[in-house]
Amino acid sequence: MGGPAPVTPIPRDFFARPAVDVAPELLGAVIEHQAPEGLVALRLTEVEAYAGQADPASHAYRGKTRRNAVMFGPPGHAYVYFTYGMHFCVNLVCLGEGRPDAVLLRAGEVIEGEALARARRATSRRAADLASGPARLCQALGIDSSFNGADVCTAGSPLRVRADGPRPGTTGRSADKAKIATGPRVGVTAAAEVPWRFWIEGAPSVSAYRPHGPRRRKLVTP
DNA sequence: TGCATGATGTTCT
DNA sequence: GAACATCATGCAC
């Protein structure tokens, strides 16, 4: 008795749809990681949809590989990948049944466990920067490759996603009332014209879109 | 305040 | 061998 409050994750059916439909509805939802050292929960403020094998920017575009195998599995699981030699990013698998849609979690605001999130991200001075970016979000939550394939729809799972219920006594910003904006995805060159990035208008944790120029390769003269 | 660049390793061609 | 769904830093103004 008197244990932690029961957690009701979002039902798996919610994810059994195209990522483009799921992504905007995930804004305002809460992802939380119950680690041995504590709990960190954050409200999602920025996501991107990746439309499986029809989307040139998707990791699943070229078919199933060892890395993206989780995307081809059942919906409601986490697809965690390692990139740029030092960062993790996390997606939530949608559709399923061999249709590898996914939603990339790009940013969120910490609503529980801020002390732990700050400890994990010593470089962040501002609270809004704790999970402002896909790799920062993973770092704040303590997500690494061991969470690849984790089920986020099970109450007992250390990593789960729940809808943001009404929160009496707070400002209660929710996706229902907040304005949702859309735009091009960040850091992808393929299908750059598709506005499949969704964020909560005005959320301080959302990083501004940087139309960064082409990355100049290191000039190597053999 | 804003941009240019190095760090660093896995994956795929 | 090259690309990569990035981040933090350093320097110019």
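This is a predicted model: local features need pLDDT of at least 70, side-chain atom pairs count only at pLDDT 80 or more; totals for chains, interfaces and linings use all residues.

Colleague: Where is Leu95 in the fold?

Modeller: Leu95 lies in strand β4, which covers residues 87-96.

Colleague: What is its phi?

Modeller: Leu95 has a positive phi of about 60°, although it is not a glycine.

Colleague: Why point that out?

Modeller: Because most residues other than glycine have a negative phi.

Colleague: Is Ala191 buried or exposed?

Modeller: Ala191 is buried, because its relative accessible area is 18% and the cut-off is under 20%.

Colleague: New topic. Which residues come nearest to DNA strand B?

Modeller: Eight residues are around DNA strand B, and Arg62, Thr65, Tyr84, Gly85 and Met86 come nearest.

Colleague: What does Thr65 contact on DNA strand B?

Modeller: An N or O atom in the Thr65 side chain is 2.4 Å from a phosphate oxygen of DNA strand B.

Colleague: And which part of DNA strand B does Tyr84 reach?

Modeller: A base oxygen: a backbone N or O atom of Tyr84 lies 2.4 Å from it. Gly85 also uses a polar backbone atom, which is 3.4 Å from a base nitrogen of DNA strand B.

Colleague: How many residues of the surface near DNA strand B are charged?

Modeller: Three are charged, three are nonpolar and two are polar.

Colleague: Now rings. How many aromatic pairs are there?

Modeller: The count is three aromatic pairs. One of them is Phe82 with Phe88, which is tilted, with 5.0 Å centre to centre and 55° between the planes.

Colleague: Why give two numbers for a pair?

Modeller: Because a pair of aromatic rings is described by the distance of the centres and the angle of the planes.

Colleague: How accessible are Phe82 and Phe88?

Modeller: Phe82 is partly exposed at 43% relative accessibility. Phe88 is partly exposed too, with a relative accessible area of 22%.

Colleague: Last one. Which residue lies over the face of Phe14?

Modeller: Arg17, at 4.9 Å from the ring centre. Likewise, the charged end of Arg185 sits over the ring of Tyr50, 4.6 Å from its centre.

Terms used:
Residues are numbered from 1 along each chain as its sequence is written. Chains are lettered from A and ligands numbered from 1 in the order in which they are written. Side-chain values use heavy atoms; hydrogens and water are left out. A residue is near a molecule or strand if one of its heavy atoms lies within 4 Å of it. A polar contact is a pair of N or O atoms within 3.5 Å; within protein, one must be able to donate a hydrogen and the other to accept it, and residues adjacent in sequence count only if both atoms are side-chain atoms. Ala, Val, Leu, Ile, Met, Phe, Trp, Tyr, Cys and Pro count as nonpolar, Asp, Glu, Lys and Arg as charged, and the others, Gly among them, as polar. Helices (H or I, at least four residues) and strands (E, at least two) are DSSP runs, numbered from the N terminus. Buried means under 20% relative accessible area, exposed over 50%, partly exposed in between (1.4 Å probe, protein chains only). Rings of Phe, Tyr and Trp (its six-membered ring) pair if their centres lie within 6.5 Å; planes under 30 degrees apart count as stacked, over 60 as edge-to-face and the rest as tilted. A charge sits over a ring if NZ of Lys or CZ of Arg is within 6 Å of the ring centre and within 35 degrees of the ring normal.
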